[in-house]
Amino acid sequence: MKRTSIACLVLGLILAGGLFLTQALAADKPKDYPTKPVTIQIGFGAGGSSDVGVRVLAESLKKIIGQPVLAENKPGAGSQVMLTDFKNNAKPDGYTMALINVPQIQTIVFDASSKPLFSMKDFQPVANHVQDPGAILVRKESKYNTLEDLINDAKARPGQVTASTTGIGSDDHLAVLDVERRAKVKFNIVHLKDTPTALTRALGGHTDANFDNIGGFLPSVNSGLARILAVMMEQRYSDLPNVPTFKERGYDLVSSSTRGYVFPAGTPMPIVKYMEQSIKKAMDDPEHIDRMKKAGLTLKFMGIEEFGKFLEGQNERAKQLIELYRK
Amino acid sequence: MEAFQHLMTGFAAALSPLNLLFATIGCVLGTLIGVLPGLGPAAGTALLIPITFKLEPTSAIIMLAAIYYGAMYGGTITSVLINVPGEAASVVTCLDGYEMAKQGRAGAALGIAAIGSFFGGTVATFGLVLVALPLTRFALKFGSPEYFSLLLVGLSLVMGLAGKSLAKALVMGALGLIFSFVGVDPVEGAPRFTFDIAPLMDGIRFVPVVMGFFGIGEILINAERSLAGVIAEGGKVSSFLPRRDEVRISILSILRGTGLGFFLGLIPGTNSAVASFMSYSIERKFSRHPDAFGTGIIEGVAAPETANNAYANAALIPLFTLGLPGSPTIAILMGALIMNGLTPGPLLFSQHAGFVWAVIASLYIGNLILLILNLPLVGWWAKLLKIPYNILMVFILVFCIIGAYSLNNSMFDVGMMLVCGLLGYLFKKLDFPLAPAVLTLILGPLMEQSLRESLSVSQGSFAIFFTRPISLFFLIVAALIMVTSAWQAWPSTIREESKEAQV
């Protein structure tokens, strides 16, 4: 009997010591957080690339924060339904995060005709996760071999060359407008429903140039059905070393679909910082890196400050470009 | 035949005990997902993607594909038994399937659906082997104008869904189109008829509407009557096999359904609900007794069920050969392929031949598993109807509410379903058929999108629809259907005594 109780005591001490040790290791861990599952709200349906990114992150993040991470889809109106609900109902307690898609959120907030019930001030940036660069795709039979071919043709036939986007106010739409204003050309802009539709129309030769993001392009490019004329990044894309950037060709143009996480404004800073660090660790998890690469999603970590600055820059760009299509 | 050699290797892989197990698990899960209203095949498949990280790619895709076509079949079960379509493609099955159930013939309806699905799925998979590449090249010729004209053919078939009165069918068709205008304009981005209600920005969602129209509406109608006789006892509910004469009638319907579903599956961008609706309307056109549709006749179940499964399998063709997902569920499947390091497209067949052929072989096996699984179960499902209706009714209501909520985690959808339930009840009382409204609600957004895309490409000229041969062909077909339907409808509006149950 006695021996058992001693054994119990020793075991208890070891456990307590272990507990203390883990507490000490996670020094920046706020007290009593997290004690229950964290939910990430997604403004798009299950299975889309926004959704896939969150679900892959959730797998790694739960190991780091020691609590389940749940992905909840509230699709509708290009994430406006979710953001409205998030602003009205999410408590600033660190248990509800939202995935925001940039610059889509800006085209909701700064476009009066979308009647937003929230502003950028309602969200506390936590960390950025994904950055899918914009690019232009043409099918393999296309007469355009370089970016210049496309621009010159658009100059020669103003308003005749069809450029497809995946919807009004999408990052692709802003990218077309940005190309138009920087190259001084005019496209015939056709807004299509989504990436598969845009790809189908481009491969069938029904549109001339498909403006979208690299992630959705890679399958058709890798199988030789189509090629990319240029990417809208600061540097060349690592998997496409032969494809030039717009900057190299003399156009000051960087565009992407960027996705990061926000808490409701007013969430205590220790919690925000802890979550920022946890997301960083999750993004360094080799399993996470591998899965995201396979899913064609380019990782781009930005911390609280950097993500906040990035959002402000995007606010300005979106305001200017919205002006171009809402005048 | 090189293809068949590959196929045999594929069978060897697909028949390994582990892959057989995953195909079976997928079929069971898929059936369950189809049975739960709300949780459609797309959401169901997406939720299971994380599981596939842990599996070998071939097994993972075999399982996901099985979930996909399993759900297609599962949706039929609730449509037939309780008039609640679990997903869009099985709405049409309510029309005659539920009537059959009321006559105590639920078993036969589910049986013929299983047989038709098996046949349609298997033939479409054969098509996948034989003609995949040349046909997808053809499908790429479909630009926006071709879509629009094809959808116009679908719209002209609304007349085929008319019951006693063509006028009432057209009114309901127009109502569905008006409903489909609600939401953010797909081209300009301006909100229409949204009254500043955020959930309306995306338009009126289809599934809550049909669950209300059919499921809730039916409950309300039944609540008026004595509940005892809603569902006939039926001699042998458990005998799941259709009568011999019914099988004979169904053979042609199944063949037509297969052809139509296969064709539509090849063209990325349509959906399985369009396939099932069109095949139902076509059956009515071909039938010698079109007035009997909607009263519980077997062709009304056999054709659309076959078409939607043929569609489901054929839709894999553009995915495998060109990397083009034709529907949301296929898009999710494509995501799973990519995440497992398999890029869909022409190179898939050369670079990952072992994988592709194993998956194709598993489609045959999966269709067979579904048949084996479902035929004996049909009797059990049908036994559900032995529950007294006054108790069953409460369960159906709860089931619908949970289903509507689970669609988007939104109470708005629940409210929408209940309001549509009231509307459905009123329309039934007034003898307005519901099916035309449902068809136009599906077609409306697709047609608007393709119409405006075409006009935006042509910069406003309608000539684009007439100068392209495929588009012109469909326009002529649509015109022919409209003229003949009007011709047929004329005398039948006078023949008031022709008794026919409204949809």
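Q: Hi! Let's start with A:Gly76. Where is its place in chain A?
A: In this predicted model, A:Gly76 sits in the loop between strand E2 (69–73) and H3 of chain A.

Q: Is A:Gly76 buried or exposed there?
A: A:Gly76 counts as buried, because 27 C-beta neighbours lie inside 10 Å, and the cut-off for buried is 20 or more.

Q: Which residues does A:Gly76 touch, leaving out those up to four places away in sequence?
A: From chain A there is A:Val81, and from chain B there are B:Pro199, B:Met201, B:Asp202 and B:Asn408.

Q: How many bridges join E2(A) to strand E1 of chain A?
A: Five, and the two strands run parallel; E1 covers residues 38–42. As one pair in this arrangement, A:Ile40 has A:Ala71 of E2(A) as its bridge partner.

Q: Nice. Now the contact between the chains: how many residues does each give?
A: Chain A gives 41 residues and chain B gives 50.

Q: Which elements of chain A give two or more residues to that side?
A: They are helix H2 (49–65), helix H3 (80–89), strand E6 (188–191), helix H7 (195–203), helix H8 (214–222) and helix H10 (286–294). The largest share of the side of chain A that touches chain B comes from H7(A), with six residues.

Q: What does that side look like by class?
A: The side of chain A that touches chain B has 14 nonpolar, 17 polar and ten charged residues.

Q: Let's zoom out. How many helices and strands are in chain A?
A: Chain A has eleven helices and ten strands. Its C-alpha atoms fill a box of roughly 95 × 40 × 30 Å along the principal axes.

Q: What percentage of chain A is buried?
A: Of the 327 residues in chain A, 53% are buried. As for contacts in chain A with a separation of 6 or more, 77% come from residues 24 or more positions apart.

Q: Which domains does the assignment give for chain A?
A: Domain 1 (38–131 + 257–325) and domain 2 (133–249). Their C-alpha centres lie 26 Å apart. The contact between them takes 15 residues from domain 1 of chain A and eleven residues from domain 2 of chain A.

Q: Last topic: how many residues are in the largest nonpolar core?
A: There are 259, and those with the most contacts inside it include B:Leu64, B:Leu333 and B:Ile442. Helix H4 (residues 57–82) of chain B gives the largest share of this core, 17 residues. The core also draws at least three residues from each of domain 1 and domain 2 of chain A.

Q: And what does B:Ile442 touch, again not counting residues up to four places away in sequence?
A: B:Ile442 touches B:Ala88, B:Phe206, B:Ala273, B:Val274 and B:Phe277.

Technical notes
Residues numbered from 1 in each chain as written. Chains lettered and ligands numbered in written order. Predicted model: local features only at pLDDT ≥ 70, side-chain atom pairs only at ≥ 80, totals over all residues. Contact = placed C-beta atoms within 7 Å. Helix = DSSP H or I, 4+ residues; strand = E, 2+ residues; numbered from the N terminus. Nonpolar A, V, L, I, M, F, W, Y, C, P; charged D, E, K, R; others polar. Buried ≥ 20, exposed ≤ 12 C-beta atoms within 10 Å, placed from the backbone. Core = buried A, V, L, I, M, F, W, Y, C linked by C-beta atoms within 7 Å. Domains from an automatic or database assignment. Pairing = 2+ DSSP bridges.
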